[in-house]
Amino acid sequence: MVVHDADARLTDDEVDLIFHALADATRRDILRRTLDGEVSVSHLAAFYDMSFAGVQKHVAVLEGAGLVTKHPHGRERRVRGNPEKVKRAQELLGRYEDIWRGRISRLDALLADD
């Protein structure tokens with residue numbers, strides 16, 4: 001199945017990767033910090049009570065989902081959030097919300113007829 005967005009398509013696999021990545025609080029926080037601007041993995045690691053390697057693994061999951069990009073900058077690896085991918089995920093959730101609001105409206109109408 002392919003999910004249709006206004007300008008882009010997300011496959012089921014892409015949706016699975018995105019929501020798996022967003023299922024973890026640390027990854028959501030990393031994404032939030034990197035949407036504000038580009039930061040080094042070292043800088044990110046200072047915010048969490050885990051090893052540098054642990055933070056790198058979280059960044060790798062986000063990168064695999066396309067939610068962040070990572071590139072070398074001298075001796076550092078810099079991470080930047082991908083607002084376009086976040087927008088696509090938000091649009092997908094918006095469509096699910098529309099479906100459920102429609103169902104609730106139909107249920108309200110059915111119950112009002114009684």
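The legends below describe close-up views of a predicted model, beginning with the whole chain and moving on to single elements.

**View 1. The whole chain and its order of elements.** Local features in this predicted model need pLDDT of at least 70 and side-chain atom pairs count only at pLDDT 80 or more, whereas totals for chains, interfaces and linings use all residues. Residues are numbered from 1 along each chain as its sequence is written, and side-chain values use heavy atoms, with hydrogens and water left out. The chain has five helices and five strands, these being DSSP runs numbered from the N terminus (helices H or I, at least four residues; strands E, at least two). Along the sequence they follow the pattern β-β-α-α-β-α-α-β-β-α. Because its radius of gyration is 18 Å, well over the 13 Å of the globule rule for 114 residues, the chain is more spread out than a compact globule; the radius is taken over C-alpha atoms, and the rule is 2.2 Å times the number of residues to the power 0.38. The C-alpha trace spans about 70 × 30 × 20 Å along its principal axes. Of the 114 residues, 29% count as buried, a term that stands for under 20% relative accessible area, with exposed meaning over 50% and partly exposed in between (1.4 Å probe, protein chains only).

**View 2. Helix α5 and its N-terminal cap.** Helix α5 comprises the 30 residues 83-112, and its end C-alpha atoms are 42 Å apart, which agrees with the 44 Å that it should span at 1.5 Å a residue; the expected span is 1.5 Å times one less than the number of residues. N82 caps the N-terminal end of α5, with a side-chain oxygen 3.1 Å from the backbone nitrogen of E84. The buried residues of this helix are K85, R88, A89 and L92.

View 3. In helix α1 (residues 12-22), the buried residues are V15, I18 and A21. They cover an arc of only 135 degrees around the axis, which puts them on the same side of α1; the arc is that of the directions from the helix axis to the C-beta atoms. D13 and D16, on the other side of α1, are exposed.

**View 4. The surroundings of S40.** S40 lies in strand β3 (residues 39-40) and is buried, with a relative accessible area of 6%. A polar atom of the S40 side chain lies 2.9 Å from the backbone nitrogen of H43. Leaving aside residues up to four places away in sequence, S40 touches E76, R77 and R78, where contact means heavy atoms within 4.5 Å.

Methods:
Polar contact = N/O pair within 3.5 Å; in protein donor to acceptor, adjacent residues only side chain to side chain.
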